[in-house]
Amino acid sequence: ALKEKKRILSSKSQKSWSTCIYPYLCILDDQDYVNIMLQVPTLHKQSPSGESLLIMAEEMGNRVYNLYSIPQKSHSQMIEKLGSIYNSYAELLANDIEVYKLWLTRSDTFSFGPSLLSDDTPWPMVLMVQLGSLLVDLMVHELKIWSNILNPAQDKKLIPILYHMYTFCSNHKIGFIKPHPIVTQIQRVAMETKLTFDSYVMPMLCPSVPWTSPKSGAYLLTPTKLMRSTDGAIQHQLLLEKSRDEDLHAVLDSLNQVGNCPWKINKPLLYIIISIFNDKGSDKLCIPPPLSEAPEIPRFNPHDPSYTQAEKAYMKREGVKAKKKVAEMHSLRMDALYKLSIANHMRDEIFWFPHNMDFRGRTYRRPPYFNHLGSDVTRGLLLFAEGRPLGPKGLDWLKIHLVNLTGLKKRSSLAGRLEYAESIMEDILDSADRPLDGRKWWMNADEPWQALACCMEIANASRSPDHTKFISYFPVHQDGSCNGLQHYAALGRDVIGATSVNLMPCELPQDVYSGVAQQVEEFRARDAEKGLKIAQVLEGFISRKVVKQTVMTVVYGVTRYGGRLQIEKRLKEIDDFPKEYIWDASHYLVKQVFSSLKEMFTGTREIQEWLTESAKLIAMSGKTVEWVTPLGLPIVQPYHRIKNQTVSRKQISQGEIDSMKQKNAFPPNFIHCLDSTNMMLTSLHCYRAGLTFVSVHDCYWTHAVTVDTMNRVCREQFVALHSQPILEELSGFLLKKYCSRPP
């Protein structure tokens, strides 16, 4: 079928998009294209509800590009040179601080031969979608199965495995590829013996190549962008390539530092998780159950006169709900299968996660399925590959970390949390020794799998002859106290707000969410005394949990409408709350939450309004909002209005500036940049101090013995960052770039 398609395309005389991609169907062997179609992960994890055509097309277009790019390097003899430099680099890596300089030094030594600064020209997204769409079209028309494969009594005929369908999303018609129900049924009962992954979605078995430029880093052969982009946006890459090399050194060093941390699998925990996964899972422990546990989809004949219209409508709603539940369960089960399969495959290996970043400078791991940015399950499975003695305070930090994972004692001091941990040592040891048939204390923690892993580490350390010499591989986390509000409080020099987010010295840790809930309760009590009905209904229902999400996201631009929906969701989770008052209650509470935050963070709203107004004026002039972070990273907001262009039944987003998104996104994106800058500064200074350091955005990880040092470095770098005239420098940059004359 592929050869016939190529013959037809080659014989066409009239120009069209299909004839333009004909050359791209000739750059690989025909068998390579067939393998790409048959091995594409989307085909094997097909949900009963289908997969977006865009995702499948992009995925296959990318696979063709990657399969083409790697042999090109081999033909230019780049691979041999790269291997020589990498081997020399790896030998010296452990003893050098400035990683990228070490790589450049080794590159200069091998200055002969082809350049390592690969000038791979990325294919446009439109091209990759066109190419992928053609391959998907072949799959839809050529992949078939016998109709009687599950029931030999039926007529035997070949039917398509995949169907091309359409659905509507926000008034846009979206193409979907849906499997035939027979295929779904076969997949549901089949025992998958082998999963096939591309190498670039797996953790690396060697240290990643250091980033030395926007075009070079992460993988040895697979092309990788320094900055992630969406919808084919290239303005980020162009902006980076215009930057001077020395302006990016700090950012590249930080990416290299966090990417050079070696990891290993917590095997005892892995075996427990796999046993539960194979034994019908557990919703409580976030191990998705198989589809055999899914609710049955109700079947009924809509033309049956014995059903009333109300009964038919009810049955239809229940059927839609059941189908949605089945699709969700399938997706979660496949996601867990991928993660556990990779963890099991890597269980005896030491591995690394190469990093890149988004347009705000927030760092991400390149392997998408299994990494420490993931859920409680994946975080619990990961250990540092390099161990360190606990030292005199390491065991205490493990116990404090365990209490933090339970979600208890949030308002207690570190001494109070340690005292609590000592009081429950029997439960901790029982959890470690008998996790599935003991008291199961760990199962009630907020993060149960990380808590169980910590229980095991505490048990092993406390039973060792000298716990100070016990070698620990366990990562201890230190999480920020609503980091967005911390940055706003520091920018606005709000003393009250700074105190509520732990920027000021206090005997006990402050909790801004509880503080807001308490103030909202005061507002409610005052209004209830005045006779306001909804304030009286809300008595006893205002809690930290109800307001937390709204407080957390208000700093990232959540509107009152979005905040109301968040609070509405929390109120629906309260069984005793009268459902008829949910809308009025959520409308009342979001107003009080915003009022409370305005009182606590007086400068925050003023800064947000200035940033928003600045972005509005810039967008009105037809330009995108740009700025430079304190570490010298150039930022441009990638928001454009969607103007749909159909390409082989596929819509590509292009268009002019989206002034609304440019305006609303500037404040949260600017704060994200400050947060990423603080992380990068902390990572560089921790590396200089000899610490193992990784992060999940505002959550920093290190060994138990070095927690105190990491905390000191983090505070020092936060102070150093906000000692700079950040807003003044931003104002000067915007005036210089966007104003034709001085104000």
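Is Trp-146 buried, partly exposed or exposed? Trp-146 is partly exposed, because its relative accessible area is 39%, a value that falls between the 20% limit for buried residues and the 50% limit for exposed ones. The model described here is a predicted one.

**The chain as a whole**
- The chain has 743 residues, and 50% of them are buried.
- Its secondary structure consists of 29 helices and 20 strands.
- Among contacts in the chain with a separation of 6 or more, 70% are between residues 24 or more positions apart.

**Confidence of the prediction**
- The chain has a mean pLDDT of 85, with 89% of its residues at 70 or more.
- Residues 644–654 have a pLDDT below 50, and in the model this stretch makes 35 contacts beyond near neighbours in sequence.

**Trp-146 and a nonpolar surface patch**
- Trp-146 belongs to strand β2, which covers residues 144–146.
- Together with Ile-149, Leu-150 and Leu-158, Trp-146 makes a nonpolar surface patch of about 380 Å².

**Leu-127 in helix α8**
- Helix α8 spans residues 125–142 and includes Leu-127.
- Leu-127 counts as buried because its relative accessibility is 11%, which is under the 20% cut-off.
- Apart from its neighbours within four places in sequence, Leu-127 is in contact with Ile-21 and Tyr-24.
- Gly-61 is 66 residues away from Leu-127 along the chain, yet the C-alpha atoms of the two are separated by 8.0 Å.

**Ser-243 between two helices**
- Ser-243 is located in the loop that lies between α10 (235–242) and α11 (245–259).
- With a relative accessible area of 17%, Ser-243 is buried, because the value is under 20%.
- The Ser-243 side chain reaches the backbone oxygen of Leu-239 at a distance of 3.1 Å.
- When neighbours within four places in sequence are left aside, Ser-243 is in contact with Leu-248 and Pro-634.

Definitions and conventions: Residues are numbered from 1 along each chain as its sequence is written. This is a predicted model: local features need pLDDT of at least 70, side-chain atom pairs count only at pLDDT 80 or more; totals for chains, interfaces and linings use all residues. Side-chain values use heavy atoms; hydrogens and water are left out. Patches are made of residues with over 30% relative accessible area and no salt bridge: like charges are joined within 9 Å, nonpolar side chains (Val, Leu, Ile, Met, Phe, Trp, Tyr) within 5 Å. Accessible areas come from the Shrake-Rupley method with a 1.4 Å probe; for residues, only the protein chains shown count as cover. A salt bridge is a side-chain nitrogen of Lys or Arg within 4 Å of a carboxyl oxygen of Asp or Glu. Helices (H or I, at least four residues) and strands (E, at least two) are DSSP runs, numbered from the N terminus. Buried means under 20% relative accessible area, exposed over 50%, partly exposed in between (1.4 Å probe, protein chains only). Contact means heavy atoms within 4.5 Å. A polar contact is a pair of N or O atoms within 3.5 Å; within protein, one must be able to donate a hydrogen and the other to accept it, and residues adjacent in sequence count only if both atoms are side-chain atoms. pLDDT is the predictor's confidence in each residue, from 0 to 100.
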